[in-house]
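Subject: The structure we talked about

Hello,

Here is the structure I promised to pass on. Please have a look at it first, and then read my notes below.

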Amino acid sequence: MKIIRSPSAMTAWSEGLRREGVRIGLVPTMGALHDGHRALIRAARLQCDALVVSIFVNPRQFGPREDYATYPRPIARDRALCRKEGADVCFEPTADAMYPEGFQTIVTLPSIARRWEGEARPHHFAGVATVVTKLFGIVRPQITLFGQKDFQQSVLVQQLVKDLNLGVEIIVYPTVREKDGLAMSSRNVYLSPDDRMRAATLYRSLRAGAEAIRKGVTDGKVVQAVMAQVIKDEPTLTIDYLVVCDPRMLEPLSAVISRAVLIGAVRLGPVRLIDNILVTAPRQRS
Ligand code: AMP
């Protein structure tokens with residue numbers, strides 16, 4: 001496995017292979033890799049001839065009071081995981097190489113980025129959209145994988161690729177979970193042992209909402225109340241948002257009559273957890 005740090009060397013490597021008809025896959029990550037990332041890398045390996053995993057803690061998607069400086073960076077372990085899963089390249093650019101002096105362009109998606117994570121983290125999605133556009137320009141993959149874990153991000157990337165004709169096929173991979181249902185995340189290491197025991201409550205609340213829809217509840221407000229009750233039963237958790245939305249534009253749904261996504265963010269002490277479930281309402285009798 002090659003380790004490439006310079007964007008121009010990365011592009012030269014990809015261009016050489018593309019000319020020979022090699023299909024390049026990219027899994028963008030911020031490192032601190034866990035079994036969720038591993039599953040994405042494995043799935044990507046099956047879909048391409050040459051696989052690039054990027055590891056870049058992107059400063060532009062962190063807010064000023066967020067954990068950019070302390071975000072875990074176990075690079076030796078990450079490289080070992082990438083090597084074991086058959087990556088051909090670990091692309092590890094520096095922040096200076098990605099954002100050299102004079103860098104100006106910012107990519108924004110006003111309506112998808114406005115709500116939910118966008119409200120809690122105002123510059124986050126512009127940072128994500130900009131870095132993803134740059135990574136596609138540098139690595140030039142034909143195919144890329146994103147996790148459903150970050151549902152709003154996956155919607156945004158699909159819209160970005162469509163709007164800007166970036167010509168990259170996107171696969172959204174299902175969320176990989178711990179045994180108790182907690183979605184795997186690099187930030188779960190911040191949870192205290194007590195909070196770790198409570199952390200699966202978010203997934204339980206989403207499941208309760210999904211169950212209500214499957215049983216025929218169609219009123220979005222009622223589904224939200226069902227989900228909120230599960231969180232309120234665990235007093236140390238506070239809700240940032242917990243909502244029923246349409247899965248394309250992430251607008252809240254007043255009536256759940258076909259596909260919906262239940263998305264939520266809760267705070268547990270200093271840690272913020274996000275998760276989601278996709279659900280299809282049962283057919284209504286006419
Ligand atoms: P990150 O390193 O957190 O930026 O994540 C890199 C990619 O891995 C993103 O596309 C995430 O959505 C995805 N990912 C993170 N956690 C999980 C998980 N538990 N299951 C599946 N994909 C995940």
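How many residues surround the ligand, and which are the closest? There are 16 of them, and the closest are Met30, Gly147, Asp150, Val176 and Met184. Please keep in mind that this is a predicted model.

**Around the ligand**

The side chain of Asp150 places an N or O atom 2.6 Å from an oxygen atom of the ligand, and a polar backbone atom of Met184 is 2.9 Å from a ligand nitrogen. On its own the ligand would expose 480 Å², of which the protein buries 92%.

Strand E2 (24–29), helix H2 (35–45) and strand E5 (143–147) each give two or more residues to the shell. H2 provides the largest share, three residues. By type, the shell is made up of seven nonpolar, seven polar and two charged residues.

**Salt bridges**

Arg5 pairs with Glu92, their closest N and O atoms being 3.5 Å apart. Arg5 sits in the loop between strand E1 (2–4) and helix H1 (7–19), and Glu92 in the loop between strand E4 (89–91) and helix H4 (95–98), so this bridge ties together parts that are 87 residues apart in sequence. Arg5 is partly exposed, at 44% relative accessibility, whereas Glu92 is buried, at 3%.

Arg187 and Asp67 form another bridge, with 2.8 Å between the closest N and O atoms. Both residues lie in loops: Arg187 between strand E6 (169–173) and helix H8 (193–198), Asp67 between strand E3 (50–55) and helix H3 (75–84), so parts 120 residues apart in sequence are tied together. Arg187 counts as partly exposed at 21%, and Asp67 as buried at 14%.

In the bridge between Glu117 and Arg272, the closest N and O atoms are 2.7 Å apart. Glu117 belongs to helix H5 (residues 117–120) and Arg272 to strand E9 (residues 271–280), so the pair connects parts that are 155 residues apart in sequence. Glu117 is buried, with 6% relative accessibility, and Arg272 is buried too, at 19%.

Finally, look for Asp35, Arg38, Arg42 and Glu85, which are linked in a network of salt bridges.

Best wishes

Key. Residues are numbered from 1 along each chain as its sequence is written. This is a predicted model: local features need pLDDT of at least 70, side-chain atom pairs count only at pLDDT 80 or more; totals for chains, interfaces and linings use all residues. Side-chain values use heavy atoms; hydrogens and water are left out. A residue is near a molecule or strand if one of its heavy atoms lies within 4 Å of it. A polar contact is a pair of N or O atoms within 3.5 Å; within protein, one must be able to donate a hydrogen and the other to accept it, and residues adjacent in sequence count only if both atoms are side-chain atoms. Accessible areas come from the Shrake-Rupley method with a 1.4 Å probe; for residues, only the protein chains shown count as cover. Helices (H or I, at least four residues) and strands (E, at least two) are DSSP runs, numbered from the N terminus. Ala, Val, Leu, Ile, Met, Phe, Trp, Tyr, Cys and Pro count as nonpolar, Asp, Glu, Lys and Arg as charged, and the others, Gly among them, as polar. A salt bridge is a side-chain nitrogen of Lys or Arg within 4 Å of a carboxyl oxygen of Asp or Glu. Buried means under 20% relative accessible area, exposed over 50%, partly exposed in between (1.4 Å probe, protein chains only).
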